[in-house]
Amino acid sequence: MKTIKLSQNRSINSIKLLNIPSYSEENGELVVLEEDDVVPFPIARVFVVNAEEGSMRGEHAHKECVQLLICLSGSVDVLCDDGKNIIEYTLTPFDRALLIPAGIWGVQKYKLENSSLMVLCNQPYNEDDYIRSYSQFKQWKHE
């Protein structure tokens, strides 16, 4: 069992790229995501975003929700900002999963037509968990 501590420091250093196990055979490839192996939290919600080339999504932070992002098709750049530092990752299909803790501002840029991103969350949807204004995010980080 692989255990990853879900950091409460909410900094760039707490973001992790996780390997995704895959098994290739003559007739296709199997990709496996299991709690306590790849997914370091109980899964409460899963959603998929499909977008066209050049689309920007996200542009918010979560106060408590932890997310695991996995590219299903195309290519997606993920910008992560902890209020002091910014880092960008490029996700391609089933390459690796990006673990983003709460307290990180995230923006996803879809680089190819029909790119898809699957997101696994440790909490169900709660509008009160979202910070949708960057200026409010910066203020929240300094509280």
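**Figure 1. M118, a buried residue in strand β11 of the predicted model****.** M118 has a relative accessibility of 15%. The cut-off for a buried residue is under 20%, so M118 counts as buried. Strand β11 holds this residue. R96 makes a reference point for the view: M118 and R96 are 22 residues apart in sequence. In space, their C-alpha atoms are 12 Å apart. Across the whole protein, 41% of the 143 residues are buried.

**Figure 2. The open sheet that contains β11****.** Five strands make up this sheet, in the order β1-β9-β6-β11-β4. The pairing is antiparallel. β1 (16-19) and β4 (45-51) stand at the edges. Each has a single partner strand, so one side of each lacks a neighbour in the sheet. From one strand to the next, the twist averages 25°.

**Figure 3. Pairing of β6 with β11****.** Strand β6 covers residues 67-73. Six bridges join β6 to β11. The two strands run antiparallel. Which residue of β11 stands opposite L69? The residue is V119. Strands of a sheet pair through backbone hydrogen bonds, in either a parallel or an antiparallel sense.

**Figure 4. A second open sheet, with β8 and β12 at its edges****.** This sheet also has five strands. Their order is β8-β7-β10-β5-β12, with antiparallel pairing. β8 and β12 (130-131) stand at the edges, each with a single partner strand. One side of each is therefore left without a neighbour in the sheet.

**Figure 5. Pairing of β5 with β10****.** Strand β5 spans residues 56-62. β5 and β10 pair over four bridges in the antiparallel sense. G58 stands opposite V107 in β10. G58 is also among the residues that lie nearest the centre of the largest pocket.

**Figure 6. The largest pocket and its lining****.** The volume of the largest pocket is about 270 Å³. Its lining has 20 residues. F47, G58, H60, Q67 and Q108 lie nearest the centre. Which elements give two or more residues to the lining? They are β4, β5, β6, β10 and β11. β5 gives the most, with five residues. By class, the lining divides into 13 nonpolar residues, six polar and one charged.

**Figure 7. The largest cavity****.** How many cavities of 30 Å³ or more are counted? The count is one. About 30 Å³ of space lies in the largest cavity. Its lining consists of R45, H62, C65, Q123, P124, Y125, N126, D129 and Y130. Four of these residues are nonpolar, three polar and two charged. Empty space of this kind shows up when a probe the size of a water molecule is rolled over the atoms.

**Figure 8. F94, a loop residue with positive phi****.** F94 lies in the loop between β8 (86-91) and β9 (96-100). Its phi is near 55°. That value is positive, in a residue other than glycine. Is F94 buried, exposed or in between, and what is its relative accessible area? F94 is partly exposed, with a relative accessible area of 33%.

Figure 9. Is N114 buried or exposed? The relative accessibility of N114 is 52%. The cut-off for an exposed residue is over 50%, so N114 counts as exposed.

**Figure 10. The whole protein, for orientation****.** The protein has 12 strands and one helix. Along the sequence, the pattern reads β-β-β-β-β-β-β-β-β-β-β-β-α. The radius of gyration is 15 Å, close to the 15 Å from the globule rule for 143 residues, so the protein is as compact as a globular protein of that length. Taken along the principal axes, the C-alpha atoms fill a box of roughly 55 × 35 × 25 Å.

Notes:
Residues are numbered from 1 along each chain as its sequence is written. This is a predicted model: local features need pLDDT of at least 70, side-chain atom pairs count only at pLDDT 80 or more; totals for chains, interfaces and linings use all residues. Side-chain values use heavy atoms; hydrogens and water are left out. On a 1 Å grid over the protein atoms alone, a cavity is a set of points where a 1.4 Å probe fits but cannot get out, and a pocket is an open set with protein on both sides within 12 Å along at least five of seven lines; lining residues have an atom within 4 Å of a point. Grid points are joined across faces, edges and corners, and a volume is the space filled by probe spheres set on the points. Ala, Val, Leu, Ile, Met, Phe, Trp, Tyr, Cys and Pro count as nonpolar, Asp, Glu, Lys and Arg as charged, and the others, Gly among them, as polar. Buried means under 20% relative accessible area, exposed over 50%, partly exposed in between (1.4 Å probe, protein chains only). Two strands pair if DSSP finds at least two bridges between them. Axes are lines fitted to C-alpha atoms, for helices over the stretch in contact, and angles run from 0 to 180 degrees between N-to-C directions. The radius of gyration is taken over C-alpha atoms; the globule rule is 2.2 Å times the number of residues to the power 0.38.
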